[in-house]
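I opened my notebook to look up a few side-chain contacts. Here is what I wrote down as I went.

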Amino acid sequence: MKRSSLIIVVGALLVVIFGFWLCAFQVRTTEVAVVTTFGKASRSLNAPGLYFKLPPPIQRVYKFDQRIQSSEFENKFREDLTADNNPLLTSVFIGWRITEPGVFLQKFPNGIPEVEQQLANLLSSSKSAVVGKHPLADFVSANTGVSKFGVIEDEILASVQAQLTQNNYGIKVEFL
């Protein structure tokens, strides 16, 4: 008699633990998460902590790294023409982060590689346009303080950020 009641208690405890395991998840301080209900984003979680959801066929959780992602999109130097038709070899590093995880999941279901491809395209067009507006003297100068390299970098950053905001990708470029 005692043995069967012990088996029932242990079985019930295992069912509760398994149910908790199916319905609970943790968001770490370095992560953002999106809970989807039947494939549609239902809530975004930016704060760390323990959260609950319905079992997997109904709701799923997608977690993304919230830290700044740093990438160099052009493995080799790329040649752009300046305003005075001088060739200029350039290579750019970019740092970005996810700001709206729900929008990010909707726009980029394949994750980081898809984002990096889109950012590479945006950065390439913005960089060519900005470099083409400035003469070579704005990039390289023998006199200290005459170079406008920082201003040009800010122009490229503003152009890329404006395109990201306009298309609502759910990401923000932090630095170039």
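**Salt bridges**

I started with Arg97 and Glu174, whose side chains meet in a salt bridge at 3.2 Å, N to O (a side-chain nitrogen of Lys or Arg within 4 Å of a carboxyl oxygen of Asp or Glu). This pair links distant parts of the chain, with Arg97 in strand β9 (residues 93–98) and Glu174 in strand β10, 77 residues apart (strands are DSSP E runs of at least two residues, helices H or I runs of at least four, numbered from the N terminus). Arg97 is partly exposed at a relative accessible area of 26%, and Glu174 is partly exposed at 30% (buried means under 20%, exposed over 50%, partly exposed in between, with a 1.4 Å probe and protein chains only).

A note on the source: this is a predicted model, where local features need pLDDT of at least 70, side-chain atom pairs count only at pLDDT 80 or more, and totals for chains, interfaces and linings use all residues. Residues are numbered from 1 along each chain as its sequence is written, and side-chain values use heavy atoms, without hydrogens and water.

How many salt bridges does the structure hold? I found three. One of them joins Lys127 to Asp80, with the closest N and O atoms 3.9 Å apart. Lys127 lies in helix α3 and Asp80 in strand β7 (residues 78–81), so this pair ties together parts 47 residues apart in sequence. Both Lys127 and Asp80 are buried.

I also looked up Arg67, which forms a salt bridge with Asp65 at 2.9 Å between the closest N and O atoms. Arg67 counts as partly exposed at 49% relative accessibility, and Asp65 does too at 29%.
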